[in-house]
Amino acid sequence: MVTVDPPNRPLLQMRGIVKQFPGARALDGVDLDVLPGEVHCLLGQNGAGKSTLIKVLAGAHQPTEGQVLVDGEPVTITNPVAALKLGVATMYQELDVVGGLTVAENVYLGHELATGGVSRRREAHRRTKEIMARLGHPEIAPGREVGSLPAAAQQIVSMARALSHDARVIVMDEPSAVLDSDEVENLFRVVHQLTAAGVAIVYISHRMEEIRAIGDRITVLKDGRTVARDLPARDTPTSELIRLMTGRNVEYVFPPSTELAADAPVVLDVQGLALRGEFQDVSLRVRAGEIVGLAGLVGSGRSEILETIYGARRASAGTVEVAGKRLRAGDVTAAVRAGIGLAPEERKAQGLLLDEPVYRNITLSTFGRFAKGGLLDERSERRTAQEQAEALDLRPTGVDRAIRTLSGGNQQKAMLARWLVHGCRVLLLDEPTRGVDVGARAEIYALVRRLADEGAAVVVVSSEIPEVLGLSDRVLVVSEGRVVHEGPATAIDEHAVLDLVMEGSAA
Amino acid sequence: MSEHQLSAPPPGTPGAPAGPTSAPGSAGATPVPPAADESARVERVARGTGSRRGGAGGGSARILGLVVALAAICVVGYVTAGSRFASIDNMLVILSLASIIGVLSIGMTFVITAGGIDLSVGSVLGLASVWATTVATQTMADQYGWIVMVLCALAVGTAAGVVNGVLIAYGRVVAFIATLAMLVAARGLAELIAQRRTQLVNVQSFQDTLRGDLLGVPKIVWIFAVVAVAGWFLLNRTTFGRRTVAVGGNPEAARLAGIAVKRHTMYLYALAGLAAGIAAVMMLGRTGAGSSTNGLLYELDAIAAVVVGGTLLSGGRGTIVGTVLGVLIFATLTNLFVQNNLDSSVQQIAKGAIIVVAVLLQQRFTSRTART
């Protein structure tokens with residue numbers, strides 16, 4: 001049978017995909033059409049089924065029902081290798097590189113260039129170099145050990161791997177999460193190159209401005225179903241998308257800032273803090289009820305400042321005082337006892353015991369307080385955790401499930417619940433909304449403001465400048481390990497912050 | 001800080017009441033009952049996701065599997081050796097055989113649950129048994145009583161454990177290497193002290209106290225029972241146990257939550273050393289002699305029992321009930337071979353096979369739950 005290809009025949013189609021897990025229906029009828037050369041954006045809250053859908057596409061999960069078609073032909077993707085053979089490559093949200101191997105070894109991981117079992121190292125290096133040049137990162141040397149690279153560069157390596165497969169469809173799961181704005185532009189450039197060559201991109205991001213910038217069409221998932229498809233990425237109003245994603249009308253707004261009482265005491269007092277090689281001479285005072293934001297690029301030292309205040313890194317100079325009491329440098333236990341809490345940047349790696357139940361994660365800093373004479377009181381732990389979970393609208397309800405099964409936003413709520421139970425006087429938040437969807441973001445912003453209103457001193461770090469400005473009362477701009485500006489959040493806008501950051505790096 | 005020490009297993013207190021020995025088996029499989037109004041929902045959720053409650057108790061299915069395996073070995077024993085195998089006396093022989101490795105395995109369970117390993121416990125047992133039977137120690141024991149020898153063994157074991165712990169926690173030496181060094185060094189020190197001679201226990205009161213039976217059951221079996229119950233309690237019911245699971249599950253998260261990970265790591269190795277000291281006392285009670293060859297290769301038996309029992313070698317999940325069952329499986333198997341006059345080489349092959357099968361089954365189990 002001879003048919004003429006219509007110009008817009010989908011490269012990839014998914015029809016009625018259902019994925020049933022024991023006790024949970026992660027996908028409940030997903031349809032997706034991806035055209036050649038388009039950037040197809042997949043939108044949905046955490047828990048809507050995006051990750052599962054990607055895994056079905058990558059061959060990591062088998063669908064319970066439904067059909068996947070490539071070039072109009074039904075296919076079964078039994079494993080990741082099969083997916084790559086079909087030309088579907090996936091860049092996962094979490095970095096999937098092997099730290100101990102070189103850049104080239106990572107790029108060709110799983111499909112090593114070899115003749116009779118002997119690797120063709122020179123060839124691999126040459127091709128890796130080409131791909132890196134294409135990605136606009138010729139400075140990443142093929143022989144460099146990946147573990148020694150910063151996160152953003154590791155992301156590039158991950159992308160290079162996808163490109164090394166001559167993929168026709170590349171799935172990118174929040175590729176910009178660890179990237180700076182100029183690196184995001186670079187990413188967009190690469191995406192344009194790829195689509196011009198007919199490659200289709202399935203792009204997942206929570207950042208609307210990115211979707212507007214490079215997206216062609218949008219498919220919206222909610223509760224494991226496709227609720228809208230074929231929406232134009234440039235003209236669909238954000239409010240409409242949020243309504244589709246959440247099923248309710250939510251304004252993406254920050255809670256109003258509260259007038260600070262004139263006599264609010266200084267709770268956190270940092271003077272001349274320094275960490276050799278990372279940052280120097282950082283001083284800040286945060287009063288009860290105040291939210292202070294640290295704005296800066298990835299690598300500017302902002303996360304390190306938080307971790308040093310917390311004692312997770314030992315300061316090389318300077319002092320940290322909480323309510324007038326000086327903390328010992330490099331002693332997290334003392335910091336927690338003094339009433340500081342940190343919600344770390346890498347929630348899963350640094351914050352949670354993924355296989356433990358939600359309630360034990362919530363009481364991880366306080367179970368000793370519930371205990372009597374060293375004996376655990378799990379009943380009160382569970383009750384307290386349950387109360388917090390309900391107050392924060394943690395979903396799914398029930399604090400006995402492993403926290404691994406929760407979405408990013410709900411895991412972050414559990415982190416905050418931990419410090420709520422602890423009764424923190426100082427709360428340090430590092431990227432509080434990374435991997436958190438729009439609906440849950442607003443909830444987290446409101447929660448942070450509530451904590452401040454209840455008397456906590458809050459310090460927020462975020463790579464999203466609007467977030468820092470919207471949430472904070474006062475902003476410190478950090479560049480190259482120095483504070484280059486300090487002032488009220490209302491007195492500065494995004495462009496001014498960027499200007500300061502650029503100036504700082506030029507100096 | 002004092003709470004850990006208070007809740008550590010009571011060192012060498014044999015002859016404790018018989019009551020608690022029956023408790024851990026049933027309680028281990030089902031952790032704390034939740035509040036009544038909540039339990040229905042909890043169970044629904046647990047059933048729904050297939051996820052287990054609690055990191056420590058976990059998989060009653062896994063425990064059941066071990067019980068079935070143990071029962072199967074017993075059936076084979078009865079079929080092949082009849083009443084020679086299935087007699088009270090033989091059961092007590094099996095339990096005695098299991099006791100010393102059992103106590104080491106309880107200590108090992110803590111270390112492995114926290115993501116560590118202790119290769120030195122067998123050597124430390126040997127060293128403690130030698131140190132407790134030197135002429136000097138025994139002379140003192142003659143004067144002040146048998147307890148001197150017990151305290152000496154416990155102190156030597158704990159001290160060796162503290163050295164391990166300090167090296168690993170504060171010196172940042174990998175646990176495998178630090179305890180390997182202790183394995184070699186403790187054995188050497190034991191040989192040096194004993195001059196490679198066997199040191200008989202001459203203190204009559206020590207023999208009277210630790211040898212023989214209590215209520216028809218060998219005293220070393222009682223010690224094992226007490227240590228196992230104390231270990232179960234410590235792991236599942238105390239803050240020390242919670243810290244252990246947290247440190248093993250995600251050390252960085254534990255540290256950032258304010259848990260003193262280094263200090264706790266040191267305590268864990270001290271605890272394993274203490275267990276080796278207790279095991280040394282039991283060894284002296286059973287054999288009546290301190291020797292530098294006591295406890296040779298016991299560390300491997302202990303690790304095997306812990307892993308077969310279901311404690312994750314990577315940390316974050318530990319089960320004392322599983323460990324006890326693991327120890328009993330190996331001890332029963334050994335007895336089965338002895339009763340049938342079978343070659344001990346075949347027995348070793350069977351042991352190896354059991355370890356592999358147990359771990360394979362566990363991996364299937366964990367990968368199935370991890371996917372949900």
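Trainee: How are H8(B) and H9(B) oriented to each other, roughly parallel or roughly antiparallel?
Mentor: In this predicted model, the axes of helix H8 (residues 147–169) and helix H9 (residues 175–194) of chain B cross at roughly 150°. Angles over 145 degrees count as roughly antiparallel, so H8(B) and H9(B) are roughly antiparallel to each other. Their axes come within 9 Å, and the crossing is right-handed.

Trainee: Which residues make that contact?
Mentor: H8(B) contributes Ala160(B), Val163(B), Asn164(B), Leu167(B) and Ile168(B). From H9(B) come Ala175(B), Ala178(B), Thr179(B), Met182(B) and Ala186(B).

Trainee: Now chain A. At what angle do the axes of H14 and H15 cross there?
Mentor: Helix H14 (residues 378–391) and helix H15 (residues 408–422) of chain A cross at roughly 120°, with axes that come within 10 Å. H14(A) and H15(A) are therefore oblique to each other. Their crossing is right-handed. Among the residues in contact are Ala385(A) of H14(A) and Leu420(A) of H15(A).

Trainee: Changing topic, how many residues has the largest nonpolar core?
Mentor: That core has 203 residues, and Val458(A), Val103(B), Leu104(B), Ala153(B) and Ala279(B) have the most contacts inside it. Its largest share, 18 residues, comes from helix H14 (residues 261–287) of chain B.

Trainee: And why does it lie between domain 2 and domain 3 of chain A?
Mentor: Domain 2 (265–339 + 426–507) and domain 3 (347–423) of chain A both give residues to this core, so it lies between them.

Trainee: What does Val103(B) touch?
Mentor: Leaving aside residues up to four places away in sequence, its contacts include Ile223(B), Phe224(B), Ala279(B) and Met282(B).

Key: Residues are numbered from 1 along each chain as its sequence is written. Chains are lettered from A and ligands numbered from 1 in the order in which they are written. This is a predicted model: local features need pLDDT of at least 70, side-chain atom pairs count only at pLDDT 80 or more; totals for chains, interfaces and linings use all residues. A nonpolar core is a set of buried Ala, Val, Leu, Ile, Met, Phe, Trp, Tyr and Cys residues joined through C-beta atoms within 7 Å. A residue is buried if 20 or more other C-beta atoms lie within 10 Å of its own, exposed if 12 or fewer, and partly exposed in between; C-beta atoms are placed from the backbone. Helices (H or I, at least four residues) and strands (E, at least two) are DSSP runs, numbered from the N terminus. Domain bounds come from an automatic or database domain assignment. Two residues are in contact if their C-beta atoms, placed from the backbone, lie within 7 Å. Axes are lines fitted to C-alpha atoms, for helices over the stretch in contact, and angles run from 0 to 180 degrees between N-to-C directions. Angles under 35 degrees count as roughly parallel, over 145 as roughly antiparallel, 65 to 115 as roughly perpendicular and the rest as oblique. A crossing is left-handed if the near helix is turned anticlockwise from the far one by less than a right angle, and right-handed if clockwise.
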